[in-house]
Amino acid sequence: MTGRLVVLASGTGTNLQAIMDACSTNVLAADVVAVISNNGDARALQRARDAGIEAVCLEKEQGELRRDYDTRLAACVAQYVPDYVVLAGWMLLLSANFLDHVGSPVINLHPALPGELPGVNSIERAHAEAVLGERVRSGAMVHFVPDEGVDTGPVIASVEIAVSAQDSLEEFTKRVHEAEHKLLVDALIQLCN
Ligand code: GRF
């Protein structure tokens with residue numbers, strides 16, 4: 001049996017690409033059945049179209065309440081009956097309205113170690129701390145999203161990544177992104193294969 005994945009992505013979609021590549025080479029026994037973005041300009045949507053995968057733009061309307069958007073989003077995701085919903089660079093917080101109605105486990109990728117640097121700009125903040133001599137390692141993790149907690153939940157996989165004051169932000173960012181691509185695919189292999 002092959003796992004059905006719905007990927008939610010707001011931006012560039014390099015993690016989505018890593019998942020799609022792993023599926024198409026049978027490294028990962030899964031299919032991405034839809035990619036949904038809150039951002040019509042997201043490169044992730046184009047990557048999906050290029051791969052022949054359904055690409056759905058579901059933007060939050062002006063003045064729309066977060067809980068109403070989340071209900072719409074959950075209904076949109078649920079129609080694909082996924083085994084897992086993967087947040088890969090999804091930049092909106094998801095409320096209980098989404099989590100309670102989506103009907104499938106949700107997993108998230110966070111570019112820092114469990115319990116560290118929740119929220120946005122985690123890579124930049126880790127680097128800034130390293131420059132101040134306050135940090136020598138950061139990391140990345142994949143975890144279940146059981147509730148509204150930001151970047152918290154049972155950890156599926158994590159990896160440590162060294163960071164030093166000598167690293168440029170660009171070098172460190174590249175290292176984190178490469179580690180994330182592998183970690184996310186490994187976590188999905190663990191779940192699906
Ligand atoms: C990743 O670093 C992810 O952890 C963070 O946003 C980035 C998304 O990158 N939340 P991409 O869109 O998959 O290229």
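Modeller: The model is predicted, and helix 1 is followed by Asn26, whose phi is positive, near 65°. Most residues other than glycine have a negative phi. Helix 1 itself covers residues 14–24.

Now the packing of this helix. Helix 1 lies across strand 1 (3–8), strand 2 (30–37), strand 4 (84–87) and strand 5 (106–110). Its direction is at about 155° to strand 2. The buried residues of helix 1 are Asn15, Leu16, Ala18, Ile19, Met20, Ala22 and Cys23. They pack against strand 1, strand 2, helix 2, strand 4, strand 5 and helix 6.

Seven strands form an open sheet, in the order 3-2-1-4-5-6-7, with mixed pairing. Strand 3 (55–57) and strand 7 (155–162) stand at the edges; each has a single partner strand, so one side of each is left without a neighbour in the sheet. Neighbouring strands are turned by 20° against each other on average, direction ignored. Strands of a sheet pair through backbone hydrogen bonds, either parallel or antiparallel. Both senses can be followed here. Strand 1 and strand 2 pair in the parallel sense over six bridges. Strand 6 (residues 137–144) and strand 7 pair in the antiparallel sense over seven bridges.

Seven of its eight residues are buried, so strand 2 is largely enclosed by the rest of the structure. Asp31 is in strand 2. Its relative accessibility is 42%, so Asp31 counts as partly exposed. Asp31 is the bridge partner of Arg4. Leaving out residues up to four places away in sequence, Asp31 touches Thr2, Gly3, Arg4, Leu5 and Cys23. Cys23 is also one of the buried residues of helix 1. Ser10 is another matter: Asp31 and Ser10 are 21 residues apart in sequence and 20 Å apart in space, C-alpha to C-alpha.

Helix 2 (residues 43–50) comes next. Its buried residues are Ala44, Leu45, Arg47 and Ala48. They cover an arc of only 160° around the axis, which puts them on the same side of helix 2. An α-helix has 3.6 residues a turn, so residues three or four places apart point the same way. The cover over the buried residues of helix 2 includes helix 1, strand 2 and strand 3. After helix 2 comes Gly52, with a positive phi near 75°.

Val81 sits in the loop between helix 3 (66–78) and strand 4. Val81 is exposed, at 58% relative accessible area. Asn121 is in the loop between strand 5 and helix 5. Asn121 is partly exposed, at 47%.

The largest pocket has a volume of about 880 Å³. It is lined by 35 residues, and the closest to its centre are Gly89, Trp90, Met91, Leu109 and Pro111. Helix 1, strand 5, helix 5 (122–131) and helix 6 (169–192) each give two or more residues to this lining. That brings us back to helix 1, which also has buried residues packed against strand 5 and helix 6.

Technical notes
Residues numbered from 1 in each chain as written. Predicted model: local features only at pLDDT ≥ 70, side-chain atom pairs only at ≥ 80, totals over all residues. Heavy atoms only, no water. Pairing = 2+ DSSP bridges. Helix = DSSP H or I, 4+ residues; strand = E, 2+ residues; numbered from the N terminus. Axes fitted to C-alpha atoms, helices over the stretch in contact; angles between N-to-C directions. Contact = heavy atoms within 4.5 Å. Buried < 20%, exposed > 50% of the residue type's maximum accessible area, 1.4 Å probe, protein only. Arc of directions from axis to C-beta. 1 Å grid on protein atoms, 1.4 Å probe; cavity = no way out; pocket = protein on both sides within 12 Å on 5 of 7 lines; lining within 4 Å. Points joined across faces, edges and corners; volume = space filled by probe spheres on them.
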